[in-house]
Amino acid sequence: MQVDDQDRRLLRQYQADPSLSAAALAERAGMTRASAWRRLERMQAAGIITGLRGVIDWRALGYGVEVSLRLTLDKSQASAFDTVIARARDIPEVIEIQTFLGRVDLRLSVIARDMHHYQELYKTRILTLPHIAEIEALMQVATIKQDESLPL
Amino acid sequence: MIDLDDTDRALLRALAQDAGQSAGALARRLGLSQPTAWRRIRRLEAAGVLAGRQLELDAARLGFGVTVFLGIKLAARGRVSLEDFERAITAIPEVQQVHHVLGRYDYRLRVVARDLPDFERVLRRRIMTLPAVGEVEANVLLSEERLPGPIG
């Protein structure tokens, strides 16, 4: 399916404020409600709009520490990636897993209630992961921008 | 900070995956009355736990084939203004996330681009030209997954 300028305008408004009603969205995008509705339906069916995710603020739940763990793997074993990722999924405090092409192979976002809790997780769950060649931690201080909007 | 019971956790898990569900649909799924589901969702929002909604789009289908995570170390020369740097970097449309971090780098960025040449343009013309920028490390995203976190 081809996305045209009207679709892009609609998506721009929608991603800027996903809580807008269909009517408000149509008005902001400068089209009729029926047209906006039809376009959104079509983009959903085509898999261009893949979902609407609720954003959880972990700090509000008492998880005050977030660390970005950058892992370099020992890739001498072909299964290293799959094994580490499967193990990381089993750690409840891991909220994101990414794989990369670059100096870093894998990134885990880990949250913890406080530094003591983080230290405990690091010792018992992270350092015990297999195939790890190097670990580097970036401690989150502040989030300056986090909207993940596409520059449509 | 609020305490969550099992029902709150189930609601939060469901909303994190699909925030487009109505209170009625959630109530049916979890065996609650609609007013109860509605009241609990409002409470999660009021406490800041449910911090918002994020539209999920297939970036590649919309022409954004490349996502890069950048680590930026600020230049040591002279005194750089963090405020100026943060204002300039967040104004770049391709920059989706900016996190201030402690560790090997000072900032962690998520950047989208149409392809690698487009990324190089953003990096060279928009990011490297900022006076505060020192060392930069780029890792190209290959895969990504989000996990429910410690409410599972």
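Two strands are said to pair if DSSP finds at least two bridges between them, and the strands themselves, like the helices, are DSSP runs numbered from the N terminus, with at least two residues (E) for a strand and at least four (H or I) for a helix. The model shown in these views is predicted, so that local features need pLDDT of at least 70 and side-chain atom pairs count only at pLDDT 80 or more, while totals for chains, interfaces and linings use all residues. Residues are numbered from 1 along each chain as its sequence is written, and chains are lettered from A and ligands numbered from 1 in the order in which they are written.

**View 1. Strand 1 of chain A beside strand 1 of chain B.** These two strands, one from each chain, pair in the antiparallel sense over seven bridges. Within this pairing, Val55(A) stands opposite Gly52(B), which belongs to strand 1 of chain B.

**View 2. The loop around Gly48(B).** Gly48(B) sits in the loop that joins helix 3 (34–46) to strand 1 (50–57) of chain B. Because 15 other C-beta atoms lie within 10 Å, Gly48(B) counts as partly exposed; a residue is buried with 20 or more such neighbours, exposed with 12 or fewer, and partly exposed in between, the C-beta atoms being placed from the backbone. Leaving aside residues up to four places away in sequence, Gly48(B) touches Asp57(A) and Ala60(A), where contact requires that the C-beta atoms, placed from the backbone, lie within 7 Å. Met1(B) is 47 residues from Gly48(B) in sequence, and their C-alpha atoms are 9.1 Å apart in space.

**View 3. The side of chain A that touches chain B.** In total, 54 residues of chain A are in contact with 55 residues of chain B. On the side belonging to chain A, at least two residues each come from helix 1 (5–16), strand 1 (49–56), strand 3 (94–101) and strand 5 (132–146). Strand 5 of chain A gives the most, with 11 residues. By type, this side of chain A divides into 29 nonpolar, 15 polar and 10 charged residues; here Ala, Val, Leu, Ile, Met, Phe, Trp, Tyr, Cys and Pro count as nonpolar, Asp, Glu, Lys and Arg as charged, and the others, Gly among them, as polar.

**View 4. The two domains of each chain.** Chain A is divided into domain 1 (5–45) and domain 2 (58–139), with bounds that come from an automatic or database domain assignment, and the C-alpha centres of these two domains of chain A lie 38 Å apart. In chain B, the division is into domain 1 (6–46) and domain 2 (60–140), and their C-alpha centres are 37 Å apart.

**View 5. The span that UniProt annotates in chain A.** An unreviewed UniProt entry places the feature "domain: HTH asnC-type" at residues 3–64 of chain A, although such annotations may be inferred rather than shown by experiment. The end C-alpha atoms of this span lie 41 Å apart, and the span is 52% helix and 13% strand.

**View 6. The elements of chain A in order.** Chain A holds five helices and five strands, which run α-α-α-β-β-α-β-β-α-β from the N terminus on. Its radius of gyration is 20 Å, well over the 15 Å that the globule rule gives for 152 residues, so chain A is more spread out than a compact globule; the radius is taken over C-alpha atoms, and the rule is 2.2 Å times the number of residues to the power 0.38. Of the 152 residues of chain A, 31% count as buried.

Notes: Two residues are in contact if their C-beta atoms, placed from the backbone, lie within 7 Å.
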